[in-house]
Amino acid sequence: MTQDTVRIFDTTLRDGEQSPGCSMNHSEKLTLGRQLEKLGVDVIEAGFPAASEGDFESVRAVGEALRETIVCGLARTGVADVERCAQALERAAKPRIHTFIATSDIHLKHKLRMTREQVMEEVERAVTQARGYCDDVEFSAEDATRSDRDYLVQIFSVALEAGATTLNVPDTVGYTTPDEYAELIAYLKANVPGSDRAVFAVHCHNDLGLAVANSLAAVHAGARQVECTVNGIGERAGNTSMEEVVMAIKTRPDVFAGLDTQIVTREIYPSSRLLSSIIGVQVQPNKAIVGANAFAHEAGIHQAGVLKAPITYEIMTPESVGKSSSELVLGKHSGRHAFRDRLDELGLVVEGEDFERAFKRFKALADAKKQIFNEDLEAIVADAIVSTEDRFELGEIAITSGTFPVPSATVELLIEGQKRKATASGVGPVDAIFKAVTELTETKCDLIRYQVHAITSGMDAQGEVSVTVSEDGRRVIGNGAHEDVIVASAKAYVHAINKLEWHKRRRAVDGPKGV
Ligand code: KIV
Ligand code: ZN
């Protein structure tokens, strides 16, 4: 890696996962971790091992599975946290321990109740301890942008002397502005003795909508690691959006002279879609780079221009970020090989029994619907990945509905290997299905939101349903796709209840989590 490489540190599985409704279970984290490796990120922050048993296991599993990418675990500076993080990374090919403590007077006074000297001692001790376990250690000064600059210089000097290889300057509360942040990075680089021995990293939150702009300004000032998440998910207003930073650097070589990332940009869109399908949160249509309208030209004058020469209104091509147009890709005569090849091209990872389920579903869909598009395949794959941790599996369903019968539904669920059936009536068929599922699963959750959208155009398009449910203050989103929106609704609801079940089991073992 040269001085001209901007390292991409992806924290979708840690900071991203902390945002409401975005939590992922173990196998979902592994699936996304594998895709992030394919995307070419330099570092994957896989979790916070001391926070929970689930996080510990996820960091361990991602570290074990990935051989190319640095896998990082987060730890507060406490002895037990750093030790736990090291244990989780024991079998990782390329481990990194990321330890952090707050440095602003606001946090010292109200949260840590520690003096500046005590924090400094803690940094030295934690980094030294971490270096005892691994050569790659990152130190973060939480709330750096509201910390005293000269105190930050002292803190980073201590961390560097103790062996930190990456020094991170987080804008934890999304407070800074591009000029101010660039100045801070330049100041730290100029004043921390031996600063050229470390990589300066930036980690921004988007509270003022400035996370990407701040990160890019910091790159100009010499930062060489950007911490970010796919689709910009994260605490509150989110973290720096990976795809926006990467494509800004790539699209403007004149501005970011000589700089580049190692990201395989055609994997951006598949990564974005995979994340959305796992967490059930779609990006807004006008989201830069990965939104549905990011490359859509509506105005006639724009369309005419693009037809004559794409450069008139297109500063990058959809293909460069892996977004192929909604072309017809497969039909009912396509076989297993064609199906597998197409999934590979789209970067959709599905193996073993999940692959068999996806192929069966593809055949059924191809029978019902003449044209199968890329978006259909993405939905099929998302649907076919059944977590081994799922307690409930949807079986057959039947409904009665219309203008005069009372809507009713019979639903079959496989619960820990046992087939069970329930019938319920409701104000409509979806309500009836949800009631039958509620009875079978004995859930006490409330339905917060129900959304349905067509995956592609056409009367026979698959419907994608997303439901948000909440139980005991925990909100989760489930999704499901099918050419029959009633079936899609049942899938989405069962998906959400499985997620709640997983959280209940995890909470029973771990207690609450979070930084
Ligand atoms: O926002 C933040 O400060 C963090 C640190 C733990 C790096 O997420
Ligand atoms: Zn953060």
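In sequence, the residues that donate to the zinc ion (ligand 2) follow the spacing D-x187-H-x1-H. Asp-15 belongs to helix H1 (residues 12–16), whereas His-205 belongs to the loop between strand E7 (199–204) and helix H9 (211–220), so this pair ties together parts that lie 190 residues apart in sequence. The model is a predicted one.

**Zinc site**

- The protein donors of the zinc ion (ligand 2) are Asp-15 through OD, His-203 through NE2 and His-205 through NE2.
- These donors lie 2.0 to 2.1 Å from the zinc ion.
- Asp-15 and His-205 are both buried.

**Surroundings of ligand 1**

- Arg-14 places a polar side-chain atom 2.9 Å from an oxygen atom of ligand 1.
- For His-205, an N or O atom of the side chain is 3.0 Å from an oxygen atom of ligand 1.
- For His-203, the corresponding distance from a side-chain N or O atom to an oxygen atom of ligand 1 is 3.1 Å.
- Ligand 1 has 260 Å² of accessible area on its own, and the protein covers 97% of that area.

**Domains**

- The protein chain is divided into domain 1 (7–279), domain 2 (295–319), domain 3 (326–384) and domain 4 (392–510).
- Between the C-alpha centres of domain 2 and domain 4 there is a separation of 41 Å.

- Arg-273 is part of helix H11 (residues 268–279).
- With a relative accessible area of 16%, Arg-273 is buried, because the cut-off for a buried residue is under 20%.
- The side chain of Arg-273 forms a polar contact of 3.5 Å with the side chain of Gln-282.
- Helix H15 (residues 374–384) has nine of its 11 residues buried, so this helix is largely enclosed by the rest of the structure.
- The buried residues of H15 are Asn-374, Glu-375, Asp-376, Leu-377, Glu-378, Ala-379, Ile-380, Val-381 and Ala-384.

- Arg-113 is not a glycine, yet its phi is positive, at about 50°.
- The loop that holds Arg-113 runs between helix H5 (105–112) and helix H6 (116–133).
- Arg-113 counts as exposed because its relative accessibility is 67%, and the cut-off for exposure is over 50%.
- Ile-289, likewise a residue other than glycine, has a positive phi near 70°.
- The position of Ile-289 is in the loop between H11 and helix H12 (300–308).
- Ile-289 has a relative accessible area of 7% and is therefore buried.

**Further residues and their separations**

- Ser-23 is located in the loop between H1 and helix H2 (26–39), and its relative accessibility of 11% counts as buried.
- Ser-23 and Thr-438 are 415 residues apart along the chain, and 22 Å separates their C-alpha atoms.
- Glu-439 sits in helix H16 (residues 429–441), where it counts as partly exposed at 49% relative accessibility.
- From Glu-439 to Ala-424 the distance is 8.6 Å, C-alpha to C-alpha, with the two residues 15 apart in sequence.
- Ser-157 is found in helix H7 (residues 149–162) and is buried, with a relative accessible area of 18%.
- Ser-157 and Glu-356 are 55 Å apart in space, C-alpha to C-alpha, and 199 residues apart in sequence.

Notes: Residues are numbered from 1 along each chain as its sequence is written. Chains are lettered from A and ligands numbered from 1 in the order in which they are written. This is a predicted model: local features need pLDDT of at least 70, side-chain atom pairs count only at pLDDT 80 or more; totals for chains, interfaces and linings use all residues. Side-chain values use heavy atoms; hydrogens and water are left out. Donors are N, O and S atoms within 2.8 Å of the metal (3.2 Å for Na, K and Ca); water is not among the atoms, so sites may look incomplete. Helices (H or I, at least four residues) and strands (E, at least two) are DSSP runs, numbered from the N terminus. Buried means under 20% relative accessible area, exposed over 50%, partly exposed in between (1.4 Å probe, protein chains only). A polar contact is a pair of N or O atoms within 3.5 Å; within protein, one must be able to donate a hydrogen and the other to accept it, and residues adjacent in sequence count only if both atoms are side-chain atoms. Accessible areas come from the Shrake-Rupley method with a 1.4 Å probe; for residues, only the protein chains shown count as cover. Domain bounds come from an automatic or database domain assignment.
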